[in-house]
Amino acid sequence: MDKKTKKINMSWKEITTYVSAGVVFLFGLTIGTFSVIGDYIGPANFIKIAEQKTAEIFKLTISWRIWGLIFILVALVILLIGLFIFANKHEKLVFKDTKKTARTTLKLTEDPVEDPVIGEEPSENV
């Protein structure tokens with residue numbers, strides 16, 4: 001089986017964008033999940049105490065659950081911007097490669113025919 005495999009070319013910018021969006025997403029998911037778990041464990045658990053202490057230190061008025069949602073939304077915005085930018089670049093490269101391939105195959109299969117003279121009217125056969 002000789003299958004032609006394509007190598008996926010990804011730049012470091014693209015990889016960094018996807019990885020950073022994934023890390024931000026996982027962080028938001030983690031703190032949101034901890035907040036939900038802390039609500040249902042009991043009144044004096046370590047998660048609620050940590051949430052209260054971080055609220056005191058950073059002067060926050062919203063819970064970890066809301067911060068988790070904010071981080072998830074930021075990660076999705078980063079991911080969407082990265083996808084739009086890199087998809088557009090990839091589409092331009094594919095179009096350029098397709099155009100080049102079509103041009104070379106046209107040159108190879110085309111018979112050398114004289115070009116019509118510009119400005120000449122086509123003759124009508126009556």
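User: Let's start with the rings. How many aromatic pairs does the count come to?

Analyst: The count comes to three aromatic pairs in this predicted model. In one of them, the rings of Tyr 18 and Phe 86 have their centres 6.4 Å apart and their planes at 75°, and because an angle over 60 degrees counts as edge-to-face, that is how the pair is classed.

User: Which helices do Tyr 18 and Phe 86 lie in?

Analyst: Tyr 18 belongs to helix H1 and Phe 86 to helix H3, which covers residues 64-109, so this contact ties together parts that are 68 residues apart in sequence.

User: And are those two buried or exposed?

Analyst: Tyr 18 is partly exposed, with a relative accessible area of 24%, whereas Phe 86 has a value of 12% and is buried, because buried means under 20%.

User: OK, what about Trp 67 and Phe 71, how are their planes set?

Analyst: The planes of Trp 67 and Phe 71 are at 40° and the ring centres lie 6.3 Å apart, so this pair is tilted. Both residues sit in helix H3, four residues apart, which is about one turn of the helix. Trp 67 is partly exposed, with a relative accessible area of 27%, and Phe 71 is likewise partly exposed, at 28%.

User: Which residue do ring pairs link with Trp 67 and Phe 71 into a cluster?

Analyst: That residue is Phe 27, which ring pairs join with Trp 67 and Phe 71 in a cluster.

User: Switching to the surface, which residues make the nonpolar patch?

Analyst: The patch is made by Ile 8, Met 10, Trp 12, Ile 15, Val 19 and Val 23, and its area is about 660 Å².

User: Where does Val 23 lie, and is it buried or exposed?

Analyst: Val 23 lies in helix H1, which spans residues 12-41, and with a relative accessible area of 52% Val 23 is exposed, because the cut-off for that class is over 50%.

User: Last topic: what volume does the largest pocket have?

Analyst: The volume of the largest pocket is about 630 Å³. Its lining is made up of 14 residues, and those closest to the pocket centre are Lys 7, Asn 9, His 90, Leu 93 and Val 94.

User: Which element gives the most to that lining?

Analyst: Helix H3 gives the most to the lining of the largest pocket, contributing seven residues, and H3 is also the helix that holds Phe 86 from the edge-to-face pair with Tyr 18.

Key:
Residues numbered from 1 in each chain as written. Predicted model: local features only at pLDDT ≥ 70, side-chain atom pairs only at ≥ 80, totals over all residues. Heavy atoms only, no water. Patch = residues over 30% accessible without salt bridge, like charges linked within 9 Å, V, L, I, M, F, W, Y side chains within 5 Å. Areas by Shrake-Rupley, 256 points an atom, 1.4 Å probe, with all protein chains shown as cover. Salt bridge = Lys/Arg side-chain N within 4 Å of Asp/Glu carboxyl O. Helix = DSSP H or I, 4+ residues; strand = E, 2+ residues; numbered from the N terminus. Buried < 20%, exposed > 50% of the residue type's maximum accessible area, 1.4 Å probe, protein only. Phe/Tyr/Trp six-rings, centres within 6.5 Å; stacked < 30°, edge-to-face > 60°. 1 Å grid on protein atoms, 1.4 Å probe; cavity = no way out; pocket = protein on both sides within 12 Å on 5 of 7 lines; lining within 4 Å. Points joined across faces, edges and corners; volume = space filled by probe spheres on them.
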